[in-house]
Amino acid sequence: MPRQQGDPAFADDEQLYRRLHEDWIGIDGRVRTTAIDLQGTSVDRGLFVGEPSDCLTRGDPDEVAVAVIAFGDIPARFEVPPEKPGAPAAKPYDSVVVYKPLSNNVAHSEIRFCRPGETENSKPSSPALKSQIRGLLAERLRVVYRR
Amino acid sequence: MPGKDAIRVSAFVSVAATTSLLLSPSSSATPTSGLYRPTGWASSANRSQGPGVLELAPMSIQSSAQTIHPIEPPAWLAQAKERLGVLGHLPVNWGCSEKPSELALSVTWSIVQSMERRGHRLLAIAPMADGGIAIIYAEDVQSAHFDVYNEGGIVVVTRAGRGAPAQYVDLPEVEAVAELSRFLEHDDDAASAG
């Protein structure tokens with residue numbers, strides 16, 4: 001389970017909604033890894049969302065779909081093994097979900113990727129780790145609304 | 001003595017022989033508003049249903065003396081280039097934190113061309129939310145794509161089937177192209193064996 005910051009606290013089963021551009025939905029209907037923003041992935045917390053389609057009313061007009069993930073399903077830590085035996089492994093990253101309401105969106109939150117123990121977002125330098133974070137998070141998101 | 005064109009053409013002989021079994025007709029390749037997306041096939045399961053490829057111009061070998069005319073590149077390659085041009089002009093605030101860099105666009109075009117020479121047709125190009133580009137070649141039961149980062153890193157991402165773990169390999173461009181190409185060719189072999 002990821003760490004969290006903000007009040008009220010996230011429940012394990014609280015739904016987090018990610019708005020999607022058309023480009024971020026695969027031909028198989030799944031969420032592409034490109035939907036993950038390593039500088040902080042914006043989501044709307046379910047506590048303040050009625051229907052998933054409501055999320056599109058406060059976003060970019062080019063966003064066409066909404067995907068969901070439960071707070072407790074976000075991987076707490078991301079790490080990749082060394083590519084060769086004996087080589088140093090990339091430093092792990094933790095996920096932290098931060099409730100960060102905006103003036104036009106009370107539900108706004110961010111999934112951040114931070115060095116262990118930190119809460120500020122820090123984009124990993126390892127390309128393989130970056131891709132792994134995208135992959136692990138995207139595969140747990142599922143599209144629940146598409147206009 | 002064969003010149004460069006002859007070598008290029010002989011490469012296309014094998015490309016055409018391969019792709020003619022894999023690709024659907026050119027009408028299936030349709031650029032959409034936000035995505036280059038050929039719609040006729042998505043997986044090895046339905047690739048064999050399509051008849052021949054129409055994009056590659058027929059080879060013109062006029063005699064045993066091998067008078068050879070250059071082959072036109074497939075139409076989808078031009079569409080891919082056009083698509084990269086669109087991504088290069090995304091507004092800075094396109095709804096995400098970064099747009100693709102010039103370096104990512106340039107590396108992507110180079111990879112798409114290298115993969116085309118190996119007979120692999122592009123499925124889609126998608127911009128990452130934080131910059132960079134995903135170059136997608138399979139996206140169904142199997143998945144196979146390149147992640148090209150704005151800073152220039154390239155990761156080959158493959159998954160052999162649903163439920164299988166994804167592999168993430170950080171490689172220089174030439175090795176990355178060879179790696180993904182091997183994966184796709186193994187996928188084709190497995191499909192034809194099955």
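In strand β5 of chain B, the bridge partner of A134(B) is D147(B). Helices (H or I, at least four residues) and strands (E, at least two) are DSSP runs, numbered from the N terminus, and two strands pair if DSSP finds at least two bridges between them. This is a predicted model, in which local features need pLDDT of at least 70 and side-chain atom pairs count only at pLDDT 80 or more, while totals for chains, interfaces and linings use all residues. Residues are numbered from 1 along each chain as its sequence is written, chains are lettered from A and ligands numbered from 1 in the order in which they are written, and side-chain values use heavy atoms, with hydrogens and water left out.

**Chain B and its sheet**

Chain B has five helices and seven strands. From the N terminus on, these elements follow the order α-β-β-α-α-α-β-β-β-β-β-α. Of the 194 residues in chain B, 51% are buried; buried means under 20% relative accessible area, exposed means over 50%, and partly exposed lies in between (1.4 Å probe, protein chains only).

Five strands of chain B form an open sheet with antiparallel pairing, in the order β3-β4-β5-β6-β7. Its edge strands, β3 (124-127) and β7 (167-170), each pair on one side only. Neighbouring strands of the sheet are turned by 20° against each other on average, direction ignored; the axes behind this angle are lines fitted to C-alpha atoms, for helices over the stretch in contact, and angles run from 0 to 180 degrees between N-to-C directions. Within the sheet, β4 (residues 133-139) and β5 (residues 143-148) of chain B run antiparallel and are joined by six bridges.

**Strand β6 of chain A**

In chain A, seven of the seven residues of strand β6 (residues 93-99) are buried, so this strand is largely enclosed by the rest of the structure. In a regular strand the side chains alternate between the two faces of the sheet. Y93(A), S95(A), V97(A) and Y99(A) point one way from β6(A), whereas D94(A), V96(A) and V98(A) point the other way.

The pairings of β6(A) include a parallel one with strand β1 (residues 3-5) of chain A, over three bridges; here Q5(A) stands opposite V98(A). Strand β5 (residues 77-78) of chain A runs antiparallel to β6(A) and is joined to it by two bridges, with Y93(A) as the bridge partner of F78(A). Strand β7 (residues 108-114) of chain A also pairs with β6(A) in the antiparallel sense, over six bridges, and S109(A) is the bridge partner of Y99(A).

**Salt bridges**

Side chains of opposite charge can pair when their charged atoms come close. A salt bridge is taken here as a side-chain nitrogen of Lys or Arg within 4 Å of a carboxyl oxygen of Asp or Glu. The structure holds 19 salt bridges over all chains, including those in the table.

| Salt bridge | N to O distance |
|---|---|
| E139(B) and R32(A) | 2.6 Å |
| D130(B) and R134(A) | 2.9 Å |
| R112(A) and E120(A) | 3.7 Å |

The side chains of E139(B) and R32(A) meet in a salt bridge. This pair crosses between chains, from strand β4 of chain B to the loop between β2 (15-21) and β3 of chain A, and both residues are buried.

The side chains of D130(B) and R134(A) likewise meet in a salt bridge. This pair also crosses between chains, with D130(B) in the loop between β3 and β4 of chain B and R134(A) in helix α1 of chain A. D130(B) counts as buried at 0% relative accessibility, and R134(A) counts as buried at 1%.

In the pair R112(A) and E120(A), R112(A) is buried, with a relative accessible area of 8%, whereas E120(A) counts as exposed at 53%.

**Helix α1 of chain A**

Because 11 of the 12 residues are buried, α1(A) is largely enclosed by the rest of the structure. Among the buried residues of α1(A) are K130(A) and R134(A).
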